[in-house]
Structure formats: C-alpha cells, structure tokens
Amino acid sequence: MIRFDVHRLDEVGSTNDEAKRMAHEGAPEGTVVVAARQTAGRGRRGRAWVSAEGNLFLSVILRPRIAPADAPPLAPAMGLAVALAIEEVAPLSAELKWPNDVKVGGRKVAGVLSESLVSAGALSAVIVGIGLNVGAELPPELAEIATTLSREAVRNVRKGEIEEALLKSIADVYARFLDGGFAAVHDEWQARDALLGTEVRIDTGTRVVTGTARGITAAGALRVESAATLTEITTGEIL
Ligand code: BTN
C-alpha cells in the first residue's frame, strides 16, 4: 500500500506545479503537497481553479510502472476515490462526470487534474491534483454550477477529516488500479455515472463527438452512441 509523506504549505501558486517540481528532483511516490491557498490554481483545459482558503487543494506524486498510454484511466479512478471519501465522511452520495469531475446534488464539488511526466518515452510520474470545495464561499458566478461540502453535507465536515479520508481512499483505489487496471474499479465508477443516457458533446482534441452517453468501458473510455454507432473516447472533455 502506498505511504504518504505530506508537505503542508500556507500558500503556493499551484500544488500540481510544486509536486511536479519535486517529482523532477526525485521525490518518491506518495509525496503529497497540500496548500491552504493557491494563487495560480489550475483546472483542466487551461482554466483557472478558484482557490480560496477553506477548500482542499492537494497533489499526489504517483509513479506507476505503466506505459504513458495507460495513464489516462488513472484520472477517473482518482475521481472515484474522491467520491468514495465524500460518501464516507459527509455522508452524501456523489456522482461522477467523465472523465473526472465529482458532483453532489447535480453540482460540481471537486475536480481532478492529472498530469503525466514522461521522460525518454517512459512514464516517470503522474501528478494527481485534487481540488475539493469544503467550506469556502463560492464566487457568485459559480453558485449555480458548483457546490461545497458545507452546503450539502448533513453534518459539519472538517477539512482535516475529509483530507484524511481522501488519502486513504486514494491509497485503496490506487492499489486496486495497480492490481487490475481500471477494470478493478469499473463497477463502482459506473454506478455513479452522472452522464449515463444524457446527450453529450465531447472535444477529443482532434474532433467533436456528439451523441448519447452509454457508460464507460472497463478501460475507462466513455462510450457514446450516435446514429446506432458506438464510439469509445479515451481522452476528451465534455463541452
Ligand atoms: C478541473 O476540474 O478542472 C480540475 C481542477 C483541479 C484543481 C486542483 S487544486 C489542487 C491542484 N493544483 C492545481 O493547480 N490544480 C489542482
């Protein structure tokens, strides 16, 4: 089982950038960077991640011995780890929006930014960054699409409590992923699929696919049906 070595910072630009810097310097698997605030928090697709004090911002260095092409499903697996931690601690039921958003009550409560470090064609590390809205007030422009644990949870969830549950959950899901790949967590992911049966538009980076979401495969790809044809999308973003 992975063991964590947690580095705590009051403020940093981005915990992912700090973890990446440490990984380049040889920091081992299980190194975790947690910051109380981020001044340049990053989301996927180059978006900013609003990072006010009161929420959880952490990045974990993983060094799985897998090919770079096998790394993408780690991100949805880590989304599941977040959902399981919320379900245990809050306790609330959480949903997953492929590839790796976590939702509660139909609104986004957490996001995962997974970045691979590749050297000479081999995967040297994966930085898994997680932003989880715990108690900070949401900016008004996000109020409709995002939420926080303090808004949703039936009890007062302390940040330290959810952080501890999250690290345990990451260790558990990662161990299962290393043993059996995404297939080992597929059923649990599928049971929380927020997109199942909905109409989606996905930017794969090379094209835009439109159709009905038909769940995810045992390899973590999104299945989309259009004109009676099923397409499997390995990496992409819902538009
Ligand atoms: C997304 O949904 O777009 C992913 C958001 C990921 C945000 C986290 S906060 C901790 C880590 N550091 C960053 O700069 N980003 C991730």
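## Overall fold

The protein chain holds 5 helices and 12 strands (DSSP runs numbered from the N terminus: helices are H or I with at least four residues, strands are E with at least two). Its radius of gyration is 17 Å, close to the 18 Å from the globule rule for 239 residues, so the chain is as compact as a globular protein of that length. That radius is taken over C-alpha atoms, and the rule is 2.2 Å times the number of residues to the power 0.38. Along the principal axes, the C-alpha atoms fill a box of roughly 50 × 45 × 30 Å.

This is a predicted model: local features need pLDDT of at least 70, side-chain atom pairs count only at pLDDT 80 or more, and totals for chains, interfaces and linings use all residues. Residues are numbered from 1 along each chain as its sequence is written, and side-chain values use heavy atoms, with hydrogens and water left out.

## Burial and contacts

Of the 239 residues, 51% are buried (under 20% relative accessible area, 1.4 Å probe, protein chains only). Contacts are heavy atoms within 4.5 Å. Among those between residues at least 6 apart in sequence, 64% join residues at least 24 apart.

## Strand β2 and its neighbours

Strand β1 (residues 5-12) runs parallel to β2, joined by 7 bridges. Pairing takes at least two DSSP bridges between two strands. Asp5 has Thr31 of β2 as its bridge partner.

On the other pairing, β2 meets strand β3 (residues 56-62) in the antiparallel sense over 4 bridges. Here Val32 stands opposite Val60 in β3.

Technical notes
Buried means under 20% relative accessible area, exposed over 50%, partly exposed in between (1.4 Å probe, protein chains only).
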